[in-house]
Amino acid sequence: MNIQITPALKGFKYAVTTENVVSFSFEYFAICTGGRQLYGTVKGNTPTYNEWTEVPLGEPVMHIGISDLQIQKPEDTTGIISLRDNDPHHIAYPIAFQKIISQLGYENIHLVDNTIIVHADKLQIRPEQLLSGLSWNKYENATSNRYEWTFIEGNTKYGLIIPRTGLSPEFSVIIPFRNSIPLLHKAVKSVLKQTWQSFEIILINDHSDDADLSLLNKILAYPGIKLIDNISNVGQSVSMNIGLQHASGKYIFQLDADDWITEDALEVVFQFNEQQEFSAIYGNPYIVMDENIVVKDGDVVSNPVDFFSYGGIQAPRIYKTTALKAAGGWAVDDPYTGRYYEDRLMLSKIAEKHPVGFLNKQIYYVSVHGKSLSRIRPLETASAKLSILVNEANKRKMYVQKQLSPYNILKAALLPRPVTATTKSWSVIIPFSRSKQHLQLALQSWQEAIAKSETPTEVICVNDHPEENLDELLHIFPFLRIFNTGGNKGPAYTRNLGISSSQHDLLFFSDEDHIVPPDVLAQHDTLHCQDSQRIVVGNVWGRRVAYNLHPDLEPNVKHTILRTLWYRQEFEQAATAIAGGKDYMLLNSTENIFASCFDYSFSDQWKREWGEIYCKHDFELKDFHHSWIQCATGNMSISRENIIKIGCFNESLSSMEDWEFGIRAQKAGYSIMAAPYAEPFHIIHPKNPNQRSMDNHHATQYIKSVHPGVIEALEGSVYLKNIVPLAFPNSAPTAAPPVTKAALAPQNIYALTFDDGPHEYSTHVLLDRLQALSLKGTFFVLGARSLRNSALLQRILQEGHELGIHNWHHRALDQYSYGEMLRDILKSREVLQQLTGTAIHLFRPPYGRISSQLVNALRENQIFTAGWNTNAMDWAKGVTAHQIITNVAVGGMCNKVLLFHDGTGEPDSQYKALQWLQQAAQNGPLQSVTLSEYFQMNGLQELLSGLKFI
C-alpha cells in the first residue's frame, strides 16, 4: 500500500507510506456527508514518509477513494506527471501548450482533448496575457468566455474555456450506459467542451459487467459529473426516470452513451428555445457509420401519433423537466419495461399537451453500429415496438398498420380504426368464484359495451362461490342472468353450465376480473364474420390494471405498480398504504371505466415473446403450429355450433381447461387468432400460487397423457422458451412450509437498523435526523471503526438507540475462514463493551452471509444473529428517495425489521425516505423500537430472514 487515506473535517488526509519517494500523483473520488460527489487530482514532491497531509474540500467527507496512483523513486528515469487529458492514452502536447498549462497550474485545470477548462476563481492570470504572442479568437456568452487558437506548428485547434461562476444548470445531460466506457468517454467530452457551460452531467451505470473502471474514474475526475450505479440492469426508461429525479436543470438533454454532440449544441438549443419555449425538441442528426458521416433530414411532426411512423432518427431529444414529470416520466408499462422505443413514445406523449419544436440543424452524432441492442436483437425490438403501438392504438381507438422486413425491422403506423358494429346476437358467460367488487367492475364495463351493441346481448354469471349471494346485482344490471352451481365446481363446470344456459348464437367467455373495451363485441363480431370456423382470443399481452393495491399482492407486482407511480401524486399515499398493510384504491371511475384503466396498467413480462410471434405470424397466427396455447377463456369467443362440435370444457381439470380445449380445437382444424384491439384489462388480485402450481402440474400430466407430443413440441419452439417452463411444470411443487408467528405478534411496531458505521461525520448527521424525527434505531457497527469513534458510540446509546456487532472489518464469511470470523466477532464485542460499558448481544453479518455453524457458535457465546424483513437498498450510489420508499413499502413495515445503512448511498435520499417513513408510521400508527425491544415483544432471540447461508 503506497498511500493511506482517511476522511477529515473539511476534506481528507493522506500519507505516503513508501519511503524515498521523489514525486507522486493520484486521483480521488469523495462522497461528502451531504451527498455531493467531488473528484480531483493530487500531486506532490518529496513527501515526508508516513506524514499526514490534508486536502481541503470545504465540507466533511464520509467516503474517499483513489485511483491512478503513480509513484516515482530516485532510481526512476522518467517523470510521472505528464500532460494528458483524462484518456488512458498519453497525448503529446506542443511545448507552447504545456507552458500555458504550467502558468495556469495543472491542479487548477481540466484538460479535455485540446481544450483547457479553468473556472474563473482559479484563474490567476489574464487570458489575454496568457495567450500573448498567439493569434486567438474570443467568444463570449452568458455562461463562459472561450478562446481558440492554433500554433505555428500545425492546424490543430486549441481552446481555453472559462465558465462563469455561480451558474445554475440550464441543462441536465443524462447519459445511461452499460459497458462501452471508451464510447462513453467520447460522449462526456463532447459535453464538457460546450460553448454553453450551464449544464450538469448525470451518468447512469445500468449494471455494467465489463466496465473499464480505471477509465470510468478518469471520466469522473471531470467537473460537474454525477455517477449513479443501478444495482441491476433496468433498461433505458427506468434509468432515465432515475436520472430525472437527480436532475436540477430546466431541460433534460438525453444523450446515448455511444453518441456525441457538436461543441455548440447546448447553445443552439438554448437560442432556439428563446424564440418559442418548447416542452420538447427533436431535430436532424449526423449519422455515423463505418467512419462515414451522412446527414439525415427530418421534418416537422404535426400530429402526435405521427411520431410513431416518423422515418428518421429523432435526435437530439431535449425535454422540459417539468413537462417530463407531468407526463409521469418515461413509460415502463410495456412487456419490456421501457427498454425500447422510449424516444417516440415520450415525444408523442408530450406533444399531446405541449408544443414540441423541430430543430432543423445538425448538432447530434448518432453512431450506427452492430453492438446496439436494437441491432443485436431486431425481432425483440420489433416485438416491443408492436406491443407499445397496440397499446397506444387502443388508447386512441386506432389500429396498427405494420410490415416486417426480411431483416426483422418493423415499420408501422397508427391509423383511424374502422367503425364496426355487431351483426349477431351474443351470450357473455362469466364464472364467479372470488371478488364481488371486481365482478361489479367487470359488469360495469360490459354495461358500456352492451350500450354500443346493436344486437341482442345477455350476460350470464355462473356463481361458483359457496357463500356469496349475487342477487343484488340483478337490480343494477338488467341484462344480467345468474345461475348457481352450489359452490366449488371449478372453471370448466361453470363455463359448461353457462353454455347450456345461453340463448344466442355467439358465445363470449370472460372472467370476473376482466374490464373489457366498449367495442369488444363489435371487434369479435367482425372477425367471426370473416371466418365462421375461427376462435377469437382477446387476451393478447396480458394487460393488467391495478384497481386497488391489496396488501397480499405479490412483491414484484407491488414494485411494478409503485414504479409506474413515481411521478404521480398518488405515489406516497399508495406507498404508505402498502407499507402499512392496508388496501389502497387507485381506480375510482364510475364511467368510461376502460379508458380510465390505462394510467394504472402494465403488461405481463412473461408473455412478451408473443410479440415476436405476432410479428412473424400476424395476429391470425398463420402457420403457427402452437396456436392452441393462445386459447384463454378469460377473453375468448366462439360460435355455439362450433363449441358443441369440438366438445365443451374438460371438467376433470381445475386449470388449463382452456388450453386443453384449444388443443382439441386445433386438431379439429379450427383456426385460433388474437384480437389485439379487443384486449381487456385484467384486475390484479392476490393469488394462491402453491395451489395453482399443483393444479397446473396435474393438468400438465393429463395433457401429456391424452395429447402426447403436444407440450413436448411446444418446448422446442423458437419463441416460447420463457413461457413453457412457467406454464408447464415438470415436477409437482413442494408444499409451502407453514408460517409460524408468535401467538400475539404485535402489528404496531417496526425496528430500524443501520449497518456499516460508525463514521466520524455521517453518523452524527444521521443521529441528528433520527432525533428530529423521533425515530429509534439499532446500529450494527464495525469494531475497527469503533475504536476511532468511542464518543460517537456513547452518543448512539445516550439518545435511546442500541448497538450491535457488524464484524471487525466489513468482510463476508466467504472471504475468510469460520474461525477467523468468530474471532473477529468476539474481538468486536470485547472492544464495544470496553468502550461503552454496555453488554452487546446482537450480530449481523456483512452482506448477510453466514453459516449454521457460526450461528450456533454465536449462540453459545450469548450473541444472537439478526437478519431483516425489509431491505431499503439505500446503499447504492445515486439511489433516489423514490427507490428507497418503494423498497420499504414493498417489504412492509408492520412488525418488520428494516435494513438501512449508515454512511453509504445518498444521505439526502435516505433522509427524504426516513421523513416519509415517519409519516407512514404515524398513519399506522406504528411505533419505532430498537431491535432488542422488537425481539422481546415478539418472543424471539434472533431473526434469520434476509440472510444467505453458505
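Author: H682 is buried, with a relative accessible area of 16%, where buried means under 20%, exposed means over 50% and partly exposed lies in between, computed with a 1.4 Å probe on protein chains only. This is a predicted model, in which local features need pLDDT of at least 70 and side-chain atom pairs count only at pLDDT 80 or more, while totals for chains, interfaces and linings use all residues. Residues are numbered from 1 along each chain as its sequence is written, and side-chain values use heavy atoms, with hydrogens and water left out.

H682 belongs to strand 37, residues 681-683; helices (H or I, at least four residues) and strands (E, at least two) are DSSP runs, numbered from the N terminus. Its side chain is joined to that of R544 by a polar contact of 3.0 Å, a polar contact being a pair of N or O atoms within 3.5 Å, of which, within protein, one must be able to donate a hydrogen and the other to accept it, and residues adjacent in sequence count only if both atoms are side-chain atoms. Setting aside residues up to four places away in sequence, H682 touches D513, H514, R543, R544 and V545, with contact taken as heavy atoms within 4.5 Å.

R543, one of the residues that H682 touches, also lines the largest cavity, together with S387, V390, N391, N394, W541, F594, F598, S603, E679 and F681. A cavity here is a set of points on a 1 Å grid over the protein atoms alone where a 1.4 Å probe fits but cannot get out, and its lining residues have an atom within 4 Å of a point. By class, the lining holds 5 nonpolar, 4 polar and 2 charged residues, where Ala, Val, Leu, Ile, Met, Phe, Trp, Tyr, Cys and Pro count as nonpolar, Asp, Glu, Lys and Arg as charged, and the others, Gly among them, as polar.

H806 lies in the loop between strand 40 (802-805) and helix 27 (818-836), and at 1% relative accessibility H806 counts as buried. The side chain of H806 makes polar contacts with the side chain of D756 at 3.1 Å and with that of H810 at 3.4 Å. Leaving aside neighbours within four places in sequence, H806 is in contact with residues including D755, D756, F780, F843 and R844.

Two loops carry cis peptide bonds. The bond from G757 to P758 is cis, with omega near -5 degrees, and P758 sits between strand 38 (749-757) and helix 24 (762-773). The bond from A315 to P316 is also cis, with omega near 5 degrees, and P316 lies in the loop between strand 19 (292-295) and strand 20 (317-320).

Some backbone angles also deserve a careful check. D618, in the loop between helix 18 (609-617) and strand 35 (635-639), has a positive phi near 60 degrees although D618 is not a glycine. L621 lies in the loop between helix 18 and strand 35 and has a positive phi of about 55 degrees, again without being a glycine. At 26% relative accessibility D618 counts as partly exposed, whereas L621 is buried at 4%.

Helix 29 (residues 881-891) is largely enclosed by the rest of the structure, because 9 of its 11 residues are buried. Its buried residues are covered by elements including helix 5 (236-246), helix 15 (555-564) and helix 30 (907-923). Just after helix 29, G892 takes a positive phi of about 90 degrees.

Definitions and conventions. 1 Å grid on protein atoms, 1.4 Å probe; cavity = no way out; pocket = protein on both sides within 12 Å on 5 of 7 lines; lining within 4 Å.
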